[in-house]
Amino acid sequence: MRKKMITVAATLLLLGLLSMVEQLSVERLTSEAMEKTQEILFLLAQNESEQGLERARAMDAWWDEEAPNAEMIINHAATDDVRFTLSRLVAALEMGDRDDAFVYANELEGNIEHVLERQELSWQNLL
């Protein structure tokens, strides 16, 4: 009986540690993505669409590099939403459509927040 209790306690401890590492990884990814998105929004507000396009392309390449590593531990659909919105943002900026770019950049912020919300350890996510 004692061995079983130790095994259960060790398993719970290991799961708790893995959950913490996963949460920290998602927080780092979303924090960095949010900073990049806010920088793009700032550039668009300053009517610096060319620089915004450069930053959006760089963020798109960065996300394509970082997301596959994170997709092993987080919801794949949530990372895809970010990827698709980034593609629309880049396309809008390439076409010179600043208004649509604002919409997509704001949508991108929401999608990034959603990635973090879906990974938080909560009753809603557990059930």
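I began with a definition: a salt bridge here is a side-chain nitrogen of Lys or Arg within 4 Å of a carboxyl oxygen of Asp or Glu.

**Ground rules.** I note that the model is predicted, that local features need pLDDT of at least 70 and side-chain atom pairs count only at pLDDT 80 or more, while totals for chains, interfaces and linings use all residues. Residues are numbered from 1 along each chain as its sequence is written, and side-chain values use heavy atoms, with hydrogens and water left out.

**Salt bridges.** I looked up the ion pairs and found that the structure holds 7 salt bridges. One of them joins the side chains of arginine 28 and glutamate 66, at 3.3 Å from N to O. This pair links distant parts of the chain, since arginine 28 lies in helix α1 and glutamate 66 in helix α2 (residues 49–70), 38 residues apart; helices are DSSP runs of H or I with at least four residues, numbered from the N terminus.

I then checked burial, for which buried means under 20% relative accessible area, exposed over 50% and partly exposed in between, with a 1.4 Å probe and protein chains only. Arginine 28 is partly exposed because its relative accessible area is 43%, whereas glutamate 66 counts as buried because its value is 17%.

My next entry is arginine 57 with glutamate 94, a salt bridge whose closest N and O atoms are 2.9 Å apart. Here arginine 57 of helix α2 is linked with glutamate 94 of helix α3, 37 residues apart. Both ends are partly exposed, with relative accessibility of 42% for arginine 57 and 45% for glutamate 94.

I also recorded arginine 83 with aspartate 64, where the closest N and O atoms of the salt bridge are 3.0 Å apart. The two are 19 residues apart, arginine 83 in helix α3 and aspartate 64 in helix α2. At 18%, arginine 83 is buried, while aspartate 64, at 39%, is partly exposed. Finally, salt bridges that share partners join Arg28, Glu32 and Glu66 into one network.

**Helix α3.** The buried residues of α3 include Ala78, Val82, Arg83, Leu86, Leu89, Val90 and Leu93. Just after α3, I noted that glycine 96 takes a positive phi of about 80°.

**Aromatic rings.** I found 1 aromatic pair in the structure. The ring centres of tryptophan 62 and tryptophan 63 are 5.9 Å apart and their planes stand at 55°, so I logged the pair as tilted; rings of Phe, Tyr and Trp (its six-membered ring) pair if their centres lie within 6.5 Å, and planes under 30 degrees apart count as stacked, over 60 as edge-to-face and the rest as tilted. Tryptophan 62 and tryptophan 63 are both buried.

Lysine 36 lies over the face of tryptophan 62, at 5.0 Å from the ring centre, the criterion being NZ of Lys or CZ of Arg within 6 Å of the ring centre and within 35 degrees of the ring normal.

**Nonpolar surface.** My last entry is a nonpolar surface patch of about 500 Å², made by Val8, Leu12, Leu14, Leu15 and Leu18. Patch residues have over 30% relative accessible area and no salt bridge, with like charges joined within 9 Å and nonpolar side chains (Val, Leu, Ile, Met, Phe, Trp, Tyr) within 5 Å. Leucine 15 lies in helix α1 (residues 2–45) and counts as exposed because its relative accessibility is 51%.

Definitions and conventions. Accessible areas come from the Shrake-Rupley method with a 1.4 Å probe; for residues, only the protein chains shown count as cover.
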